[in-house]
Amino acid sequence: MTRILVAEFLLANAAATRTASTSMLNEAAAMLTAVVTDLTLAPNTDVTVLLSAGTHPLASTLPNTQIIYGEICPETLQHILRGDANQSPFDAVLLIAPECDGVLVSLLKAVQEQTMMQIRSLNLNWRLTEIFADKRATDSWLRQNHIATIPTKTIDHATAETLHSRIVSMSDSTSDLYAVLKPRDGAGSDGVQIVPFDRDAFQKFPQQLSDDDQWLLQPFLQGVACSVGFIGGGPHGHTTILPPAGQNIVTSGARLSYHGGQIPCEPEIAARIAPIAEQLAHALGPFNGYVGADLLVDLSVSADSEASVRVVEVNPRLCTSYLGYRMLSVDNLATWILQQNAGQEIRWKSETVQFSTI
C-alpha cells in the first residue's frame with residue numbers, strides 16, 4: 001500500500017487563501033479534487049489531503065480520503081512527513097503550489113532534501129523548479145537548449161510603474177503596437193497586462209542588467225495559445241508527452257485571463273507542436289510528476305520557421321490542463337504519475353473535450 005500525502009498550497013494555508021484571486025482558488029480546488037479523485041482510484045493507494053481549517057467545505061467533495069487540517073509551510077510540512085519518532089506515515093507526497101514568491105521551491109526542498117525520510121516526491125526536482133519559477137531564468141534555459149521562445153527583457157519596478165500608467169484597452173488590431181508586461185515570478189495569468197509599446201521601440205529598449213528587476217517585457221505576438229503536458233517516468237522511465245491542448249485566453253481591456261481550453265487542438269497545430277514537445281522532454285531529462293508548457297503557434301509562417309512555435313513558459317507543477325486530459329483519457333492518469341504503468345501508452349478517446357474552472 002502506497003500512502004500518499006497531497007497538499008495544495010492555496011487551500012492549505014489560510015493566509016494564501018485570503019490573498020489569492022478567485023480564479024486561482026477555483027483552479028486550485030478543481031486541480032486538487034481531480035487529482036485526489038484519480039489517486040484514490042489507483043491500485044494500492046491510501047490518500048491523505050492536507051487542508052487549512054477554512055477550506056473544510058472542500059473536504060466533503062473528496063472521496064475515499066483522510067483529511068488532516070493544518071497550515072502548510074516548509075517547517076510544518078517536514079513535521080507532518082516525519083511523523084512520530086521519525087516513522088513517517090507517508091511513502092509519497094504530491095504538492096501543488098504556485099511557483100511565485102519561492103513557495104513551490106521551498107516546499108519541494110523540505111521534501112526532497114530530507115533523504116533520511118525516504119519519501120518519494122511526486123514533483124519535479126526543486127532545482128529545475130527554481131529555474132521555471134523565474135521567467136528570466138526560464139528564458140535562458142530555453143535558449144541554452146535551443147528551444148524557440150519569445151524575446152524577453154527584464155525591467156525594474158520604476159519602469160514597470162511607468163508602463164502601468166500607460167495601460168489602455170487594445171484599440172488597434174496591429175499587434176506591433178503592444179507589449180506584454182508580466183511579473184518575473186508570476187503564476188498563471190495573474191498580473192499579466194498589455195501595454196502600448198511599439199515593436200521597434202522594444203528592439204531598441206536596453207536590457208537592464210540588475211538581477212533584482214522583477215518585471216518582464218515581451219512583444220505582443222499574434223498566434224494560437226496552446227499548451228502541452230508531460231508526465232515523468234522517474235529516473236529510469238521515459239517521459240510521457242500528452243496531446244497538445246488549445247487554450248482559451250480572454251483579453252479584457254488590458255488584461256489577459258485563462259479560461260481553460262480544449263484537447264486535442266487542431267491536427268495542423270498539433271503537428272507543429274510535436275517536435276517542440278520532444279525537445280522539451282529531452283531537455284527536462286528524467287523527472288517525477290507533472291510539467292506543463294505554454295506555447296504560441298503562428299500559422300502565418302512556415303512550419304520550419306523558428307517563429308512557428310514559441311515556448312512562452314514552463315510550469316513545474318500540476319496544471320489546469322490536467323482537468324481536460326483526465327476527461328479525454330480512457331485510463332487513470334494518476335497511475336502514470338505514480339509510475340505504475342511503466343512502458344505503457346495512455347489510451348485516448350477519439351473526441352475533443354472542453355475544460356474550464358469557471
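Helices (H or I, at least four residues) and strands (E, at least two) are DSSP runs, numbered from the N terminus. I worked on a predicted model, where local features need pLDDT of at least 70, side-chain atom pairs count only at pLDDT 80 or more, and totals for chains, interfaces and linings use all residues. Residues are numbered from 1 along each chain as its sequence is written, and side-chain values use heavy atoms, with hydrogens and water left out.

**Entry 1: backbone in the loops**

I looked up His146 first. I found His146 in the loop between α7 and β6 (153–155). Its phi is positive, about 60°, although His146 is not a glycine. Buried or exposed? I count His146 as exposed because its relative accessibility is 68%. (Buried means under 20% relative accessible area, exposed over 50%, partly exposed in between, with a 1.4 Å probe and protein chains only.)

Next I took Asn64, in the loop between α3 (56–59) and β3 (66–69). Asn64 is not a glycine, yet has a positive phi of about 55°. At 67% relative accessibility, Asn64 counts as exposed.

Then I checked a proline. The peptide bond from Ile263 to Pro264 is cis, with omega near -5°. I placed Pro264 in the loop between β13 (255–263) and α10 (267–284).

**Entry 2: the cavity**

I noted the terms before the search. On a 1 Å grid over the protein atoms alone, a cavity is a set of points where a 1.4 Å probe fits but cannot get out; lining residues have an atom within 4 Å of a point. Grid points are joined across faces, edges and corners, and a volume is the space filled by probe spheres set on the points.

Searching the whole structure gave me 1 cavity of 30 Å³ or more. The largest cavity has a volume of about 60 Å³. Which element gives the most to its lining? I found that α7 does, with 4 residues. α7 (135–144), β9 (215–219) and β15 (309–315) each supply at least two lining residues. The lining includes Lys135, Asp139, Gln218 and Glu313.

**Entry 3: helices**

I compared α4 (residues 74–82) with α5 (residues 103–112): their axes come within 9 Å and cross at roughly 30°. That makes α4 roughly parallel to α5 (angles under 35 degrees count as roughly parallel). Axes are lines fitted to C-alpha atoms, for helices over the stretch in contact, and angles run from 0 to 180 degrees between N-to-C directions.

Last, I looked at α11 (residues 321–328). In α11, 6 of the 8 residues are buried, so this helix is largely enclosed by the rest of the structure. Among the buried residues of α11 are Tyr322, Leu323 and Tyr325.

Conventions
On a 1 Å grid over the protein atoms alone, a cavity is a set of points where a 1.4 Å probe fits but cannot get out, and a pocket is an open set with protein on both sides within 12 Å along at least five of seven lines; lining residues have an atom within 4 Å of a point. Angles under 35 degrees count as roughly parallel, over 145 as roughly antiparallel, 65 to 115 as roughly perpendicular and the rest as oblique.
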